[in-house]
Amino acid sequence: MPSFQNWSRFPDVVNDSYEWYLGKADAEMNNGGTTTVTKEELAKYKEGTAPGYQSFNWKDFIVQKNAPLYQQAINATGGSDRINYYFSGTNMFQYSVLGREFTYGRKNINANMDANITDRLKVGIGINGWNEVRDNPGIPGGDDYNLPRAAILWNRPRERPYANDNPDYINDIGHNESNWAYNNKKYGGYSNDRRRYGSARFNAQYQIPYIKGLVAQGSYSYGLEDRLHDGHEYTYKTYTYNPTDDTYKATGGSINPWRERRTQKIEKNNYQVGLNYNNTFGKHTVGGLLISERYDVRDKEVFVHAVPATNVLPLIYFNTTDTYNDRDDQQARIGYIGKINYNYANKYYLEFSGRRDASWKFAPDKRVGFFPSVSGGWRITEEKFMKSLLGENSKLNDLKIRASYGVLGDDDNGILPTDYLAGYNYNQNGYGILDGNPIIGSRDKGKPILNISWFKSKILDIGADFTMFNNKLIGSVDYFKRLRTGLRGTKYDIVLPSEIGFNLSDENINKDEQAGGEISLAYNGSAGAVTFSVGGNVGYARSKFTASYKPIFFNSWDQYRNSAEGRYKNLFWAYDVVGQFQSQEEINNYPINIDGQGNKTLLPGDLIYKDLNGDGKIDGYDERPLGYGRSADGTNQPIINGGFNFSVAWKGFDFAADFSIGSMYSYNQENEIRRGFSYNSGALNTILTDRWRRADAFDLNSEWIPGKYPALRFNVNSASSVNKNSIFWLHNVTAIRARTLELGYSLPKSLIGKINIQKARLFVNGYNLFSIDNLSKYKVDSEVQDTNGLQYPQNSFVNMGINLTL
């Protein structure tokens, strides 16, 4: 059965040409007291019937609701006393809400088989593979899904996709890259990206004679990923219609064709060999592990770009090729792992482990790192004194206290695997002509990075696990602290002459830490024929920069504003807002210089910033931390994460729900959802219709009507209320999202048993159906990262299907 998908949220814009031009007149009058919009034109836009004065809804034209998605899955398991096997396969095909020419398909296959060759020798084999195809029109830019979304926020409502509404002629709207009429395979070209992956795994275990519990084991896996991307962006023409003679004249379009082909192959090898020991002596259980592993990757890619002479010839020829890039990257790591564990009567637990890893990234004398760890646990409810204390009818069934401390290594510190080598970077400075011959340029790499090695994470975890009420309630509590040492930094107190042309290389000198905790609970119960479960978890984790190399500051302000020492990471600095001006008289008499020009650019409704340092003017000295900034990967990560779920079943019916929770992160309104007419004097977000404005947009002396947002300006991004980050535009977010809702019904066995079916379950479910948060009024999804709301939003899915067990 098909599933259906829709965007969860996406910003709405004004789709009424009258409202748009009224806003333009309002904004231009606010700029300088004049406007290019006339009352006569505005009346025609309000009537909306004459050609050129009509309105068009770009969002409805671009977004096609209820895009179908098809999924099928099959799995089988079985075997004998000597052989076991498992097989699964899935197929998925999906259309985008951007149209039926945007498709994605993926097939997966997975199979495993284990065989007991002898009583001591066991071997296994597994294969895994997938094939995916992403196919859509050829659209300029690296993200083929960007311009369609941008068109919703950029295109004006009087602009129409086709000249004279004739689909044979794409309309010249002046910024044709966002005219969705050409974003199809007929006019825009194509982009086809195919990726395939296959892997095979072989493993064996041999129980060594005469030593009970000692097993020799080994495994090898090989993976090959293949990619072929073909793209062709066509040239095209756009037209302007002349109603006087009913003709179409080509007045624009694209004359810059783009043809590309990218081929990539990634080979992965993983080897493991080792010994595993586990044995019990009375109440004592002893275990150990020794493993040697090696992992290597080779990633080869060729990219070719050409400027074809025609849209209809897809072949790439030498004389049309202008770019040929070749890449060959390699990875190699080797490690040795050792572990010893012991428990006594399932009461006391102790484990020691260590890793010795080497990475290809570092200089030879910096490649190796050793990372030990230790952990222990105590099931206190197994103690006699605890049993005596709790009594026979205790509600507490089990309580285990545990702690661990360990060091983990990470070689992902931003350096390249050849940075420790001296030399030159080839093909860095374009071409030069020597004696009439083109010579590819090279550039000195600078000082080799010889002092960088692994950075280390020292992690402490203290927690407890418990069960209560005859094991119906299960819970855990954890506290953790991670201290990272050896982060990259530069020593500034050693100065090199500028004539050298490079600076000192980075070293492992900085530190940061992250601390937090998590609580989780789950309860399973029943009432008559009804069974149910409910559970949830909440976690808190926040990072802090601990220390850098000999920090130095020029004054107390410099330290306050720029120091990271001992301070939470990812702070968002902004201006506090204490109100909005209610009248021009209030602006004229306001003693604090808000806009840096004596407040002469301000209008009623503009923001009043707090003069934090009391110097009578608003500048960078008045910013303070008011929200949460972005993490190192550029995303807004909630500091508080969690979720809750529940399920209930009764006489074949079942219902389950799963919700996620995120809090303590910020979203900052910018660009298209802060400024009117932000890009190309484009669309006007509907939230900005609730603004301060004059009762008569054409009369500077008419009264001001209050609204939520400051008065509009046209193509003026320097206005005081919109050119500063402030608490007015910043939203500290808390969100509860319905991740999964599912209703099912299992047919009675008395009915399906007659046709040799063990189980048949009908179901309907939904994913990301709604979110309860404080961003809904802006039509921005609570997980969108782009500050203008342009990011591809979460999809909401509704699925119907049947599960069969034969």
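Author: We will take the cavities and then the strands. This is a predicted model, where local features need pLDDT of at least 70, side-chain atom pairs count only at pLDDT 80 or more, and totals for chains, interfaces and linings use all residues. Residues are numbered from 1 along each chain as its sequence is written, and side-chain values use heavy atoms, with hydrogens and water left out.

Reader: How many cavities of 30 Å³ or more are there?

Author: Rolling a probe the size of a water molecule over the atoms shows where empty space is left. A cavity is a set of points, on a 1 Å grid over the protein atoms alone, where a 1.4 Å probe fits but cannot get out; lining residues have an atom within 4 Å of a point. A volume is the space filled by probe spheres set on the points, which are joined across faces, edges and corners. Here there are two cavities of 30 Å³ or more. The largest cavity has about 140 Å³, and Arg675, Gly676, Ala711, Arg713 and Val722 lie nearest its centre among 18 lining residues. The second largest cavity holds about 50 Å³, with a lining that includes Val13, Leu153 and Arg675.

Reader: Which strands pair with strand 31?

Author: Strands are DSSP runs (E, at least two residues) numbered from the N terminus, and two of them pair if DSSP finds at least two bridges between them. Strand 31 (residues 730-746) runs antiparallel to strand 28 (residues 653-668), joined by 15 bridges; Phe653 stands opposite Tyr745.

Terms used: On a 1 Å grid over the protein atoms alone, a cavity is a set of points where a 1.4 Å probe fits but cannot get out, and a pocket is an open set with protein on both sides within 12 Å along at least five of seven lines; lining residues have an atom within 4 Å of a point. Helices (H or I, at least four residues) and strands (E, at least two) are DSSP runs, numbered from the N terminus.
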